[in-house]
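This report is an introduction for someone meeting the structure for the first time.

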Amino acid sequence: MAVQGLSKAKIICFAAVFLVIFLAKNSYAVNINIRLRALNGQVFQTIDKPFRNRLLFITVFQNDCDYCRMEVSSLNKLYENPQIHKWFVVLGIDPYNSLQTIAQFKQSTGAVYPLFQANPIDVFAQLHTEGTPTSYIILNGKILSTIYGEHSYLTLKHALDEAIDEIKIAINQK
């Protein structure tokens, strides 16, 4: 029986598309490996030596996002916290703008953590980013946590502390 002018075939097609989108957004089986270009032009991947076997705190931002600009001070505090440094690499990724625009963002906001340009296809396909700012806690290519929107230092630190606690529990269970 058709629903309000939709044939059974169209309903099945919509259901299949919905299922594919749902599985893609909720599947963290993908190893996150994003190609990053630093402000000096050097190219890295999130699996390269500076990031390997470290917890990554990645925030996806864009230059003209007011919430991204407001979150910079919280991210600076995370980056400068020596307890966080022991566990995490804090970095920002802009998949929307040129290196020059990202450098202007860094200068105008006072960001002290490393900022990178990334291919938008990599960011959207692997992280499923829907808006900015969105932050991710990643370990060995797996997303442990996603934080949507702009947050205070205490909220971000709490998310990081929870991730560290989960890892400590996992290590002790081995």
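## A charged pair in a helix

D161 is partly exposed, with a relative accessible area of 28%. In this model, which is a predicted one, D161 forms a salt bridge with K157, and the closest N and O atoms of the two residues are 3.0 Å apart. K157, for its part, is buried, its relative accessible area being 18%.

Side chains of opposite charge can pair when their charged atoms come close. Here the two partners both belong to helix α6, which covers residues 153–173, and because K157 and D161 are four residues apart in that helix, about one helical turn separates them. A search of the whole structure finds one salt bridge.

## The sheet and its edges

Seven strands make up an open sheet with mixed pairing, and their order across the sheet is β2-β1-β5-β4-β3-β6-β7. The edges are taken by β2 (43–45) and β7 (142–148), each of which has a single partner strand, so one side of each is left without a neighbour in the sheet. If direction is ignored, neighbouring strands of this sheet are turned by 35° against each other on average.

Strand β1, residues 35–38, runs antiparallel to strand β5, residues 115–118, and three bridges join the two. Within this pairing, R37 has Q117 in β5 as its bridge partner. Helix α4, formed by residues 99–109, packs on the sheet and touches β1, β4 and β5, while its direction makes about 155° with that of β5.

How many of the residues of β3 are buried? The strand is mostly covered, since six of its six residues are buried. In a regular strand the side chains alternate between the two faces of the sheet. In β3, L55, F57 and T59 point one way, whereas L56, I58 and V60 point the other way, and all are buried.

On one hand, β3 pairs with β4 in the parallel sense over six bridges, and L56 stands opposite V89 in β4. Helix α2, residues 66–80, lies across β3 (55–60), β4 (88–94) and β6 (134–139), and runs at about 165° to β3.

## Aromatic pairs

A pair of aromatic rings is described by the distance of the centres and the angle of the planes. A search of the whole structure finds five aromatic pairs.

The rings of F61 and F105 are arranged in another way: their centres are 4.6 Å apart and their planes are at 25°, so the pair is stacked. Because F61 lies in the loop between β3 and α2 and F105 lies in helix α4, the pair ties together parts that are 44 residues apart in sequence. Both F61 and F105 are buried.

## Two residues in loops

T132 is found in the loop that connects α5 (120–127) and β6. Is this residue buried or exposed? With a relative accessibility of 18%, T132 counts as buried, because the cut-off for that class is under 20% relative accessible area. When its neighbours within four places in sequence are left aside, T132 is in contact with V60, F61, Q62, C65, C68 and Y96.

P114 is found in the loop between α4 and β5, and at 28% relative accessibility P114 counts as partly exposed. Not counting residues up to four places away in sequence, P114 touches Y79, V90, L91, G92 and K106. P114 and I93 are 21 residues apart in sequence, and from C-alpha to C-alpha they are 8.8 Å apart in space.

Technical notes: Residues are numbered from 1 along each chain as its sequence is written. This is a predicted model: local features need pLDDT of at least 70, side-chain atom pairs count only at pLDDT 80 or more; totals for chains, interfaces and linings use all residues. Side-chain values use heavy atoms; hydrogens and water are left out. A salt bridge is a side-chain nitrogen of Lys or Arg within 4 Å of a carboxyl oxygen of Asp or Glu. Buried means under 20% relative accessible area, exposed over 50%, partly exposed in between (1.4 Å probe, protein chains only). Two strands pair if DSSP finds at least two bridges between them. Axes are lines fitted to C-alpha atoms, for helices over the stretch in contact, and angles run from 0 to 180 degrees between N-to-C directions. Contact means heavy atoms within 4.5 Å. Rings of Phe, Tyr and Trp (its six-membered ring) pair if their centres lie within 6.5 Å; planes under 30 degrees apart count as stacked, over 60 as edge-to-face and the rest as tilted.
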